[in-house]
Amino acid sequence: MLLLLLGIIVLHVAVLVLLFVSTIVSQWVVGNGHATDLWQNCSTSSAGNVHHCHSSSANEWLQSVQATMILSIIFSVLSLFLFFCQLFTLTKGGRFYITGVFQILAGLCVMSAASIYTVRHPEWHFNSDYAYGFTYILAWVAFPLALLSGVIYVILRKRE
């Protein structure tokens, strides 16, 4: 049981790290000496040094992506906190429903954010000068992992 709890905690922390990195790092779209993320657009040299950064546009779709990524982090942190609270207060045989629901919400939020970002940039699908960066991919990797950990929480029963 201890190894199972440790594995669940490691999976949850891995999801949190993926969510934080994909939200903070400026690599959602890269190409032609530019790197773009949810917050700013940066120009880079051929050596990878950042020259200057400008704030991203104030489009409604970009603000919705920002909001859903922040919500996914909040839901995931709240889920981890609730897991530890329920671990010590839940009766024997009880399930971690609330923890699982918040983790599933975190997964759905990151999926919504990455989907909106994908749909709003159709010109990059046909332009070979730009490509999606590693943080965009990390956001998509965080989605199934968050859903998986949420389902595990819902299925998990507390034992002595």
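A: Leu-145 is a place to begin, and this residue sits in helix α5; helices (H or I, at least four residues) and strands (E, at least two) are DSSP runs numbered from the N terminus. The model is predicted, so local features need pLDDT of at least 70 and side-chain atom pairs count only at pLDDT 80 or more, while totals for chains, interfaces and linings use all residues. Residues are numbered from 1 along each chain as its sequence is written, and side-chain values use heavy atoms, with hydrogens and water left out.

Q: Why is Leu-145 called partly exposed?
A: Buried means under 20% relative accessible area, exposed over 50%, and partly exposed in between (1.4 Å probe, protein chains only). Leu-145 has 24% relative accessibility, so it counts as partly exposed.

Q: What does Leu-145 touch, not counting residues up to four places away in sequence?
A: Leu-145 touches Leu-11, Val-15 and Leu-18, where contact means heavy atoms within 4.5 Å. Val-15 is 130 residues from Leu-145 along the chain, and their C-alpha atoms are separated by 6.4 Å.

Q: How do you know that the span of helix α1 agrees with its number of residues?
A: The expected span of a helix is 1.5 Å times one less than its number of residues. For the 23 residues of α1 (residues 2-24) this gives 33 Å, and the end C-alpha atoms are 33 Å apart, so the two agree.

Q: Which residues of α1 are buried, and what covers them?
A: Leu-5, Ile-8, Leu-11, His-12, Val-15, Leu-16, Leu-18, Leu-19, Ser-22 and Thr-23 are buried. Their cover includes α2, α3 (97-119) and α5 (134-155). An α-helix has 3.6 residues a turn, so residues three or four places apart point the same way.

Q: Why is Ser-22 called buried?
A: Its relative accessible area is 0%, so Ser-22 falls in the buried class. Leaving out residues up to four places away in sequence, Ser-22 touches Trp-28, Met-69, Thr-135, Leu-138 and Ala-139.

Q: Is Ser-72 buried or exposed, and what puts it there?
A: Ser-72 is buried, because its relative accessible area is 0%. This serine is in helix α2 (residues 60-89). Beyond residues up to four places away in sequence, Ser-72 touches Leu-19, Ala-106, Cys-109 and Val-110.

Q: What makes a nonpolar core, and which residues have the most contacts inside the largest one?
A: A nonpolar core is a set of buried Ala, Val, Leu, Ile, Met, Phe, Trp, Tyr and Cys residues joined through side-chain atoms within 4.5 Å. The largest has 19 residues, and those with the most contacts inside it are Leu-19, Trp-28, Leu-38, Val-65, Met-69, Val-110 and Tyr-117. At least two residues of this core come from each of α1, α2, α3 and α5. Another core, of 7 residues, lies apart from it, and Leu-5, Ile-8, Leu-87 and Leu-156 are among its members.

Q: Why is Trp-39 called partly exposed?
A: The relative accessible area of Trp-39 is 34%, so this residue is partly exposed. Trp-39 lies in the loop between β2 (34-36) and β3 (40-44).

Q: How many helices and strands does the chain have, and how much of the chain is buried?
A: The chain has 5 helices and 5 strands, in the order α-β-β-β-β-α-α-α-β-α along the sequence. Of its 160 residues, 40% are buried.
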